[in-house]
Amino acid sequence: MSRVKSDSPTAVKDVHTGSKMQRVIYVTYLIAVLDITWMFLQFSITPYLAKKLGFDTLWIGYLQTMVGVVQLLGGPIFGRFADLFGARAAMCLSCAASVVYYGLLAIADSPLMLFIHKLPAVLMHSLPGAQMVVTDLTEPDKRADALGKLGLCFGIGMVAGSTLGGTLSTRYGETFAACVAAGGSFISFLLVWTFIPKHTKIQAPQDNTDKKSNAKSVFDLGEITRLMKFPGVAKTFTVKIISGLPSGIFQVMFSVIAMNFFQLAPEQNGYLMAYFGIVSMVIQGGVIGRLTSKYSENSLLLLSIGMSSLVGLAQVFMANVFQFCFIVLPMMFSLSVFNVITDSMLTKTVPSSDTGTMLGLCASVQSLLRTIGPTIGGFLYHNYGVASFGFIQFVVNMVVFVFMLRNMVNSKDEHRE
């Protein structure tokens, strides 16, 4: 009886009122923290498990590429699924896939099993799922700040997961750490099922016309790609891909850089990732909201790209982990602002009924970077060293910065005329 009531049009609208809306958002933040914790726990143990099973740098790159490929395929479909069937169904699907993913990691005792355990990642989109809920329940002018708070959750999960993963794998082994992640994902599943309403959009699909539209298919590529035709979407997506590629390459190769260039043990790597998380928490929880209230999103996007270029220049001359710890500060700032602002801009350019699909496409950009990043990164690392990552980031982002700056200047001149 209560479930029928919670899924009714009245209840859908009621989700957007006062305390109920805030409760759903807070629970979504908690679920995001938990899911990111298990993800970074896995990040901190997989490279070392792969090394034990005989993987070299090239094969670790192939493993990361596989994850990128399956999530690239799953991202837009997951977003479309959420638009059609609601946030609860989508997030439950993601959590269930996570349980299987970490369970398979726990029993992985061969290179083949390590590859097989990556397959459920096609449905693992917990952070985009949380972004969908937050996007649906916030006003457009407050969206960047709300997504920034979700980034704060990302930082907390990064700290907790990296520290926990390094400690558990060192003391109890990788299998035990993976079992903890599987159990934690099941808890996330229960939280989603209990607290997240079936529909978080104001316009729940109810009438016959909508049902016919929704019946097209989750896999309808036309419904997914049509979003690219909205004004400004293609341009922002192009900037998101091109500017994000160099830093994406560095991120996917970081586990290799930590092991081979910085010579870090698993526990030390966990502490470094925790440092990333702390910096990210401060920036996304205390800085981005204030910036978005004072400056336009276009200005902040330009700032993040310019700073990313300077970060790349600093990485060219980086020689040890101590120097890298200083570079992390502007690096995390530029990444955080860039991701939050681009996601916010893109969700504002489409109808509210399509925000899930749009966020799925945003997630697929990150997956695309993880798909091509390991191959490009492995080639650059073997032939030119770590400095090559920074040089490419400097050049690419400087070109994008100049291009966007010229567009902004020309746009202002046209308005004056």
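**Notebook: helices, salt bridges and surface of a predicted model**

**Entry 1: helix H14.** I began with helix H14 (residues 266–286), which has 21 residues and reaches 30 Å from its first C-alpha to its last, close to the 30 Å expected at 1.5 Å a residue. The expected span is 1.5 Å times one less than the number of residues in the helix. I took helices (H or I, at least four residues) and strands (E, at least two) as DSSP runs, numbered from the N terminus. I then listed the buried residues of H14, where buried means under 20% relative accessible area, exposed over 50%, and partly exposed in between (1.4 Å probe, protein chains only). The list holds Asn269, Gly270, Leu272, Met273, Ala274, Phe276, Gly277, Val279, Ser280, Ile283 and Gln284.

**Entry 2: basis of the values.** I note that this is a predicted model, in which local features need pLDDT of at least 70 and side-chain atom pairs count only at pLDDT 80 or more, while totals for chains, interfaces and linings use all residues. Residues are numbered from 1 along each chain as its sequence is written, and side-chain values use heavy atoms, with hydrogens and water left out.

**Entry 3: the chain overall.** I find 19 helices and 0 strands in the protein chain. Of its 417 residues, 53% count as buried. I looked up contacts (heavy atoms within 4.5 Å). Among those between residues at least 6 apart in sequence, 85% join residues at least 24 apart. The accessible surface, computed by the Shrake-Rupley method with a 1.4 Å probe (for residues, only the protein chains shown count as cover), comes to about 18,400 Å², and 67% of this belongs to carbon and sulfur atoms.

**Entry 4: salt bridges.** Side chains of opposite charge can pair when their charged atoms come close. I searched the whole structure for salt bridges (a side-chain nitrogen of Lys or Arg within 4 Å of a carboxyl oxygen of Asp or Glu), and the search gave 3.

Glutamate 174 pairs with lysine 52, with the closest N and O atoms 3.1 Å apart. Glutamate 174 is buried, at 12% relative accessible area, whereas lysine 52 is exposed, at 62%.

I next recorded the salt bridge between lysine 240 and aspartate 343 (3.1 Å, N to O). This pair links distant parts of the chain, 103 residues apart, with lysine 240 in helix H12 (residues 233–252) and aspartate 343 in helix H17 (residues 321–348). Both lysine 240 and aspartate 343 are buried.

Glutamate 297 and lysine 348 form a further salt bridge (3.0 Å, N to O). Glutamate 297 lies in helix H16 (residues 297–316) and lysine 348 in helix H17, so the pair ties together parts that are 51 residues apart in sequence. Glutamate 297 is buried at 18% relative accessibility, and lysine 348 is partly exposed at 36%.

**Entry 5: serine 185.** I located serine 185 in helix H9 and found it buried, at 1% relative accessibility. Leaving aside neighbours within four places in sequence, serine 185 is in contact with Trp38, Cys95, Ser98, Val99 and Tyr102.

**Entry 6: a nonpolar patch.** I looked up a nonpolar surface patch of about 340 Å², made by Phe391, Ile392, Val395 and Val399. Patches are made of residues with over 30% relative accessible area and no salt bridge, like charges being joined within 9 Å and nonpolar side chains (Val, Leu, Ile, Met, Phe, Trp, Tyr) within 5 Å. Isoleucine 392 lies in helix H19 (residues 387–416) and counts as partly exposed, at 30% relative accessibility.
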